[in-house]
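Here is a short report for a reader meeting this structure for the first time. Take a look at the model, then read on.

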Amino acid sequence: MLYNFSAGPAMLPKPVLLEAQRDMLSYDGTSLSVLEMSHRSEPFLSIRNEAEQLVRDLLFVPDDYEVLFLQGGATLQFAMVPMNLAPGGRVDFIETGLWSERAFADAACVSDAHVVASSKADAYQSIPTLPAASDAAYVHLTLNNTLEGTRFTSLPDVAPPLVADASSCLFSEPIDVSRFGLIYAGAQKNIGPAGLTLVIVRKELLRAGSLPSYLRYDLHAKNDSLYNTPPTYSLYLSMLVLRWIKQTGVGRIHTQNKMKAKLLYETLDASNLFHNRVLKKDRSLMNVPFSTGDEERDASFLRYAKEHGLINLEGHRSVGGMRASIYNAMPLDGVEALCAVINRYEKEMS
Ligand code: PMP
């Protein structure tokens with residue numbers, strides 16, 4: 001038995017992969033693979049429409065929001081959001097880690113971007129306190145910090161619309177979409193395979209500008225995300241993952257995610273060898289970084305874990321150590337196996 005703790009592309013639910021396997025040569029009696037279908041064909045349009053409906057149902061997306069399926073990863077959104085919502089205007093950033101640094105750097109190329117709160121001085125081990133006043137076009141935050149293992153547990157109470165990078169937490173817990181002007185997420189963690197980016201945006205924020213076509217949200221919205229060829233297979237697999245989420249419900253998935261994270265944090269907190277340094281109240285439910293504080297010891301643990309079927313536990317190359325990504329598709333069994341291996345390694349080393 002192998003458990004894959006990759007931060008993304010991450011493990012997908014087994015039933016989804018089996019269904020995709022069954023559909024590979026003939027989708028829904030069409031004798032065509034989804035891979036070779038026109039994006040304007042009937043069967044593909046029904047896949048696209050179902051995917052949008054599932055996003056709306058699972059997140060209770062209000063009617064005055066567009067749901068867009070785009071490409072370019074969350075990274076393209078770092079630029080597309082300011083280009084569409086605040087070209088040349090002021091935008092405020094809450095800096096909580098590497099991905100928010102990158103979002104800020106790209107926004108600074110096309111807008112008057114400011115960091116108004118940061119936990120950099122704290123090595124991003126917490127979520128900073130937020131200034132109340134802002135006259136920016138929007139305030140950007142990274143809801144879950146995939147590398148650093150922190151998350152926002154409450155939202156800043158600011159006047160401008162909030163824009164959230166929710167790449168590593170969307171669909172892992174309920175979210176009040178109406179609190180945001182725009183939410184974006186790369187698919188490759190909780191939604192599906194790489195190649196698809198989900199954007200949920202309040203309609204009143206969209207305007208036709210003079211941007212090149214692919215960069216215009218309004219054009220994608222007007223064309224049901226079919227202005228150009230979408231990543232058809234990623235969208236299909238994401239639709240299957242969303243169906244899988246619906247079977248359990250986001251509320252129950254959240255309960256399971258809290259249980260998995262609690263188990264792992266309790267194991268780490270009880271350990272004399274391994275540590276998670278994140279401020280307890282800001283700990284992520286999705287990404288759990290930990291380390292022994294010694295590079296060689298970490299490398300030895302990673303080898304040991306691999307021998308026990310636990311793979312992709314390496315921390316991001318910029319921070320080292322270990323990181324367990326425990327997205328929706330990771331079963332409780334996988335986290336229990338990791339905790340057992342952590343305990344066994346510590347015992348063998350002492
Ligand atoms: N934001 C967050 C929070 C992420 O975790 C990632 C990817 N790990 C990105 C942005 C970048 O996403 P992409 O590779 O899809 O551009």
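## The ligand and its contacts

A polar side-chain atom of Gln 188 lies 2.9 Å from an oxygen atom of the ligand. This is a predicted model. The protein buries 85% of the 400 Å² that the ligand exposes when taken alone.

An N or O atom in the Trp 99 side chain is 3.5 Å from an oxygen atom of the ligand. Which other residues are around the ligand? Among them are Gly 73, Ala 74, Thr 75 and Phe 78. The list also includes Thr 142, Asn 144, Thr 146, Asp 165 and Ser 167.

Seven strands form an open sheet in the order 2-10-9-8-5-3-4. The pairing is mixed. Strand 2 (65-70) and strand 4 (112-118) are the edge strands, and each pairs on one side only. From one strand to the next, the twist averages 20 degrees.

How do strand 3 and strand 5 run, parallel or antiparallel? Strand 3 (residues 90-95) and strand 5 (residues 139-142) run parallel, joined by two bridges. Phe 93 stands opposite His 140 in strand 5. In general, strands of a sheet pair through backbone hydrogen bonds.

## Helices across the sheet

Helix 2 (residues 42-59) lies across strand 2 and strand 10 (197-202). Helix 2 runs at about 130 degrees to strand 2.

Helix 3 (residues 73-85) lies across strand 2, strand 8 (162-165), strand 9 (180-186) and strand 10. The angle between helix 3 and strand 9 is about 155 degrees.

## Two loops to inspect

Pro 9 sits in the loop between strand 1 (3-4) and helix 1 (14-23). The peptide bond from Gly 8 to Pro 9 is cis, and its omega is near -5 degrees.

Phe 171 is in the loop between strand 8 and strand 9. Phi of Phe 171 is near 75 degrees, a positive value in a residue other than glycine.

## The whole chain

The chain has nine helices and 13 strands. Its radius of gyration is 21 Å, close to the 20 Å that the globule rule gives for 350 residues, so the chain is as compact as a globular protein of that length. The C-alpha trace spans about 65 × 55 × 30 Å along its principal axes.

Key:
Residues numbered from 1 in each chain as written. Predicted model: local features only at pLDDT ≥ 70, side-chain atom pairs only at ≥ 80, totals over all residues. Heavy atoms only, no water. Pairing = 2+ DSSP bridges. Helix = DSSP H or I, 4+ residues; strand = E, 2+ residues; numbered from the N terminus. Axes fitted to C-alpha atoms, helices over the stretch in contact; angles between N-to-C directions. Contact = heavy atoms within 4.5 Å. Near = heavy atom within 4 Å. Polar contact = N/O pair within 3.5 Å; in protein donor to acceptor, adjacent residues only side chain to side chain. Areas by Shrake-Rupley, 256 points an atom, 1.4 Å probe, with all protein chains shown as cover. Rg over C-alpha atoms; globule rule 2.2 N^0.38 Å.
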